[in-house]
Amino acid sequence: LGSGVDQWEEPTVLREERTAECPICMETLWTATPTAFVSFLSVGSGHDIPHVLCAHFFCFDCASQQYMKQQTQKEGEYHCPICRAPAQEVMPLPDIRVNPLLWFQYLDTGGRGGIDRN
């Protein structure tokens with residue numbers, strides 16, 4: 001994506017000619033299902049909200065393969081294959097048109113009620 005690109009001003013994920021890619025297979029994420037390693041925040045009333053731990057997204061197939069590979073290693077924990085951030089599950093990015101609140105909560109990496117521009 002490049003370090004000098006402001007993703008809020010120029011969202012390359014939405015532009016076919018300059019798209020974000022899965023870092024494993026290099027498939028463009030706009031043609032795949034963007035997926036990330038997530039953790040869950042307890043918000044009371046028995047609900048857990050999934051949220052990403054880092055800014056690394058993968059196509060669904062590669063994320064699932066990494067998750068299954070880590071399951072077979074039986075270490076009892078999962079992690080992002082890029083930055084090794086600890087995770088609990090692999091989950092696709094929710095559809096903003098179907099559930100905008102879940103989409104927002106999913107991208108709220110710190111559970112602070114905001115989305116980091118980086």
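A residue counts as buried under 20% relative accessible area, as exposed over 50%, and as partly exposed in between. In this predicted model, Cys25 has a relative accessibility of 36% and is therefore partly exposed, whereas Cys80, with a relative accessible area of 1%, is buried.

| Cys25 | Cys59 | 3.7 Å |

The strands include an open sheet of 3, in the order 2-1-5 and with antiparallel pairing. Strand 2 (48-52) and strand 5 each have a single partner strand, so that one side of each edge strand is left without a neighbour in the sheet. Neighbouring strands are turned by 55° against each other on average, with direction ignored. Strand 1 and strand 5 run antiparallel and are joined by 4 bridges, and Ala36 stands opposite Met91 of strand 5. Helix 1 packs on the sheet through strand 1 and strand 5, its direction making about 65° with that of strand 1, while helix 2 touches strand 1, strand 2 and strand 5, at about 55° to the direction of strand 2.

The largest nonpolar core has 23 residues, of which Phe57 and Tyr106 touch the most other members. Strand 1 (35-42), helix 1 (60-72), strand 5 (89-92) and helix 2 (100-107) each supply at least two residues of this core. Beyond its neighbours within four places in sequence, Tyr106 is in contact with residues including Ala36, Val38, Val52, Phe57 and Met91.

Conventions
Residues are numbered from 1 along each chain as its sequence is written. This is a predicted model: local features need pLDDT of at least 70, side-chain atom pairs count only at pLDDT 80 or more; totals for chains, interfaces and linings use all residues. Side-chain values use heavy atoms; hydrogens and water are left out. A nonpolar core is a set of buried Ala, Val, Leu, Ile, Met, Phe, Trp, Tyr and Cys residues joined through side-chain atoms within 4.5 Å. Buried means under 20% relative accessible area, exposed over 50%, partly exposed in between (1.4 Å probe, protein chains only). Contact means heavy atoms within 4.5 Å. A disulfide is a pair of cysteine sulfur atoms within 2.5 Å. Two strands pair if DSSP finds at least two bridges between them. Axes are lines fitted to C-alpha atoms, for helices over the stretch in contact, and angles run from 0 to 180 degrees between N-to-C directions.
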